[in-house]
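Please read it alongside the sequence and the coordinates.

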Amino acid sequence: MTAADIHPIPLSLVDSDPLAAAAAFGDAFARTGFAVVSEHGIPDRVINRALGATKALFALDEGAKAANIVPNGGGQRGMTAFGSETAKGAAARDLKEFWHVGRELPAGHAHEDVMPGNVWPREWPDFKPAVLDLYDALEVTGLKLLKALALHLGLAPDFFDDPVRDGNSVLRLLHYPPLRGGEGGSIRAGAHEDINVITLLLGAEEAGLQLLDRQGQWRDIDAPPGSLVCNIGDMLQRLSGGRLPSTSHRVINPAPERASVARYSTPFFLHFRPDYLIETMPGGPSDWPPITANEFLQERLREIKLL
């Protein structure tokens, strides 16, 4: 399998040379829908603390994890059990379990009816501060990337600041257990596109993440240690009129010698605020009717069988 033609781009370029950052990230995203980001600035201690909390969480017994599933919650907060999610249009369920953490809203917030409160495991009191620190750090990183993408699209660098303020962004703590045999046609994550604006992924150093290129070939995504992977979601594809494509990607099962190794990753799905009206910019190759971010999210959650 050939690796995708994506080379690490330092996030520090957004501060030192915004136009160069816009050109570099714009090129990578326009060609592949993905970019590999180096020098992202998230401290190792924040990443390692959250990873430790994640591993401890998924080491809990099945009963303890099941107690944190929110009935009829669409998997938006707390635990989603192994095998619950299915990629859009797929028959086989993914070989993964995950935990979702969203934005902490003050009481009486305008969006509390569609952005539910978080669920915190009682077994690990350190879990909440560790995970929220990573949430906050990834949001800051995402906002910086969006400045480069705004310039690439010919918009003001702060264009996205208001649409994502109080956005329904979600941090997913992902656990792909070791393979046990008998998985049938299932893989760790079936081919899909992300719903949101952009996704920032830590934990892609373990092999398995692939993107579908424009020639219909699956390509490995090589992420050097210490980097993060970012991809365009459907919401930004829609807003940009297709100039920034939301690309199909998947996580394939490991080689036999790695089948007994669990895989952990922490994708951060950066969203617009729920009431933001996504309207396609003129001049792109595609056009879509206006839709609010929350309406679009609910539509897609039904498609992937979480609602």
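The model is predicted. The largest pocket has a volume of about 380 Å³. Helix 5 (residues 127-152) packs against helix 3 at an angle of about 130°, and its axis crosses that of helix 2 at roughly 85°.

**Largest cavity**

- The lining of the largest cavity consists of 38 residues, and Glu85, Arg172, His192, Asp194 and Phe269 are those nearest its centre.
- Among the elements that each give two or more residues to this lining are strand 5 (170-176), strand 6 (189-192), strand 7 (198-202) and strand 10 (228-232).
- Strand 11 (249-251), strand 12 (263-270) and helix 8 (293-303) also each contribute two or more residues to the lining of the largest cavity.
- Divided by class, the lining of the largest cavity comprises 17 nonpolar, eleven polar and ten charged residues.

**Second largest cavity**

- The volume of the second largest cavity is about 30 Å³.
- Its lining is formed by Asn168, Met235, His271, Phe272, Arg273, Pro274, Ala293, Asn294 and Leu297.
- Helix 8 gives the most to the lining of the second largest cavity, supplying three residues.
- Five nonpolar, three polar and one charged residues make up the lining of the second largest cavity.

**Largest pocket**

- The largest pocket is lined by 20 residues, and those nearest its centre are Ile47, Leu51, Leu202, Gly203 and Glu205.
- Helix 3 (44-58) and strand 12 each provide at least two residues of the pocket lining.
- The largest share of that lining, five residues, comes from helix 3.
- The lining of the largest pocket has eight nonpolar, eight polar and four charged residues.

**Helix 3 with helix 5**

- The axes of helix 3 and helix 5 lie 8 Å apart, and the packing angle is about 130°.
- Helix 3 and helix 5 are therefore oblique to each other.
- The crossing of helix 3 and helix 5 is left-handed.
- On the helix 3 side, the contact is made by Val46, Ile47, Arg49, Ala50, Ala53 and Leu57.
- On the helix 5 side, Phe127, Pro129, Ala130, Asp133 and Leu134 take part in the contact with helix 3.
- The residues of this contact divide into nine nonpolar, no polar and two charged.
- Ile47 of helix 3 takes part in the contact with helix 5, and Ile47 is also one of the residues nearest the centre of the largest pocket.

**Helix 2 with helix 5**

- The axes of helix 2 (residues 18-32) and helix 5 come within 8 Å and cross at roughly 85°.
- This angle makes helix 2 roughly perpendicular to helix 5.
- Helix 2 makes the contact through Pro18, Ala21, Ala22, Phe25, Gly26 and Phe29.
- Helix 5 contributes Leu145, Ala148, Leu149, Leu151 and His152 to the contact with helix 2.
- By class, the contact of helix 2 with helix 5 has nine nonpolar, two polar and no charged residues.

Conventions. Residues are numbered from 1 along each chain as its sequence is written. This is a predicted model: local features need pLDDT of at least 70, side-chain atom pairs count only at pLDDT 80 or more; totals for chains, interfaces and linings use all residues. Side-chain values use heavy atoms; hydrogens and water are left out. On a 1 Å grid over the protein atoms alone, a cavity is a set of points where a 1.4 Å probe fits but cannot get out, and a pocket is an open set with protein on both sides within 12 Å along at least five of seven lines; lining residues have an atom within 4 Å of a point. Helices (H or I, at least four residues) and strands (E, at least two) are DSSP runs, numbered from the N terminus. Ala, Val, Leu, Ile, Met, Phe, Trp, Tyr, Cys and Pro count as nonpolar, Asp, Glu, Lys and Arg as charged, and the others, Gly among them, as polar. Grid points are joined across faces, edges and corners, and a volume is the space filled by probe spheres set on the points. Axes are lines fitted to C-alpha atoms, for helices over the stretch in contact, and angles run from 0 to 180 degrees between N-to-C directions. Angles under 35 degrees count as roughly parallel, over 145 as roughly antiparallel, 65 to 115 as roughly perpendicular and the rest as oblique. A crossing is left-handed if the near helix is turned anticlockwise from the far one by less than a right angle, and right-handed if clockwise. Contact means heavy atoms within 4.5 Å.
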